[in-house]
Amino acid sequence: MKKSTLIIAGLSFVLTGCATMYSAAELDKMAKDAVEKSFSERGIAKKERINQDAINLACTSAELSKTPLSGEATRKLEAAEYQAIKYPADGKFLGDWKVGERVAQGGGGSTYSDKAGSPNGGNCYNCHQISKEEISHGTLGPSLYNYGKLRGNSEAVVKYTWGKIYNAKAFNACTNMPRFGHQGILTEGQMKDLMALLLDPASPVNK
Ligand code: HEC
């Protein structure tokens, strides 16, 4: 046998050997331990960031096991998120669209070198088209161009839009959209400014 054939045979033995030695649960635990060990806390970046809450855990497990969540489980998870939505204390939902545009553009914050309490960006353009002026945008989420023009600003639309920005999981349990209010990524004021960007008739989004 040639030397290279021997090496390949040896390698495939080792690889198949590994695959049968650990159960999926054991491999999950090993991966979690490795992540935990390699995460070094620094500044505001604390270790608790790697812990998933119940709804994230349910979505991750469903994805890994390729077993979609049942309709009933999904409704229960979404209802719990929906109930935790906090609406603006003063009942005013719309701030300043110009500030909202800056929040939507901003992608900074939450890193170990940021100070506690310093404002974060919303990163909205990473996933959405919003105003026509910005041509560099992601497409993971739907286009929000003309959002207010198309939907108007009835109480139902206003409450839904706030809820979606506050906690998108209240409407779609396993969405990729971050939970800006629920996780304290954005302040109430920043979310009001984003609401104005989407709903104010004077915003470039609705021209
Ligand atoms: C990581 C990607 C991602 C980011 C970042 C993101 N979104 Fe989304 N967004 C989505 C996806 C995906 C949807 C589609 C529905 C769903 O899965 O929840 C969505 C839906 C929405 C909707 C509802 C649209 C509709 O037609 O009903 C609004 C409003 C919205 N996003 C606003 C925002 C705002 C404002 C920001 C920034 C603060 C933002 N999104 C950041 C991915 C994202």
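Helix α5 (residues 97-105) and helix α8 (residues 188-199) pack with their axes 7 Å apart and at an angle of about 105°. The model is predicted, with local features needing pLDDT of at least 70 and side-chain atom pairs counting only at pLDDT 80 or more, while totals for chains, interfaces and linings use all residues. Residues are numbered from 1 along each chain as its sequence is written, and side-chain values use heavy atoms, with hydrogens and water left out.

**Exercise 1.** Classify the packing of α5 against α8 and state which residues meet.

Step 1. Helices are DSSP runs of H or I with at least four residues, numbered from the N terminus. Axes are lines fitted to C-alpha atoms, for helices over the stretch in contact, and angles run from 0 to 180 degrees between N-to-C directions.

Step 2. Angles under 35 degrees count as roughly parallel, over 145 as roughly antiparallel, 65 to 115 as roughly perpendicular and the rest as oblique. The angle of about 105° therefore makes α5 roughly perpendicular to α8.

Step 3. With contact meaning heavy atoms within 4.5 Å, Trp97, Val99, Gly100, Glu101, Val103 and Ala104 in α5 meet Gln190, Asp193, Leu194, Ala196 and Leu197 in α8.

Step 4. By class, this contact has seven nonpolar, two polar and two charged residues. Here Ala, Val, Leu, Ile, Met, Phe, Trp, Tyr, Cys and Pro count as nonpolar, Asp, Glu, Lys and Arg as charged, and the others, Gly among them, as polar.

**Exercise 2.** Describe the largest nonpolar core and the residues that touch the most other members.

Step 1. A nonpolar core is a set of buried Ala, Val, Leu, Ile, Met, Phe, Trp, Tyr and Cys residues joined through side-chain atoms within 4.5 Å. Buried means under 20% relative accessible area, exposed over 50%, and partly exposed in between (1.4 Å probe, protein chains only).

Step 2. The largest core has 26 residues, of which Ile130 and Leu194 touch the most other members. Helices α5, α7 (155-166) and α8 each supply at least two residues of this core, and the largest share, seven residues, comes from α8.

Step 3. Not counting residues up to four places away in sequence, Ile130 touches Ala104, Cys124, Tyr125, Leu144, Tyr145, Leu197, Leu198 and Val205.

**Exercise 3.** Find the side-chain partner of lysine 192 and decide whether lysine 192 is buried or exposed.

Step 1. Lysine 192 is found in helix α8. At 11% relative accessibility, lysine 192 counts as buried.

Step 2. A polar contact is a pair of N or O atoms within 3.5 Å; within protein, one must be able to donate a hydrogen and the other to accept it, and residues adjacent in sequence count only if both atoms are side-chain atoms. The side chain of lysine 192 makes such a contact with the side chain of aspartate 90, at 2.9 Å.
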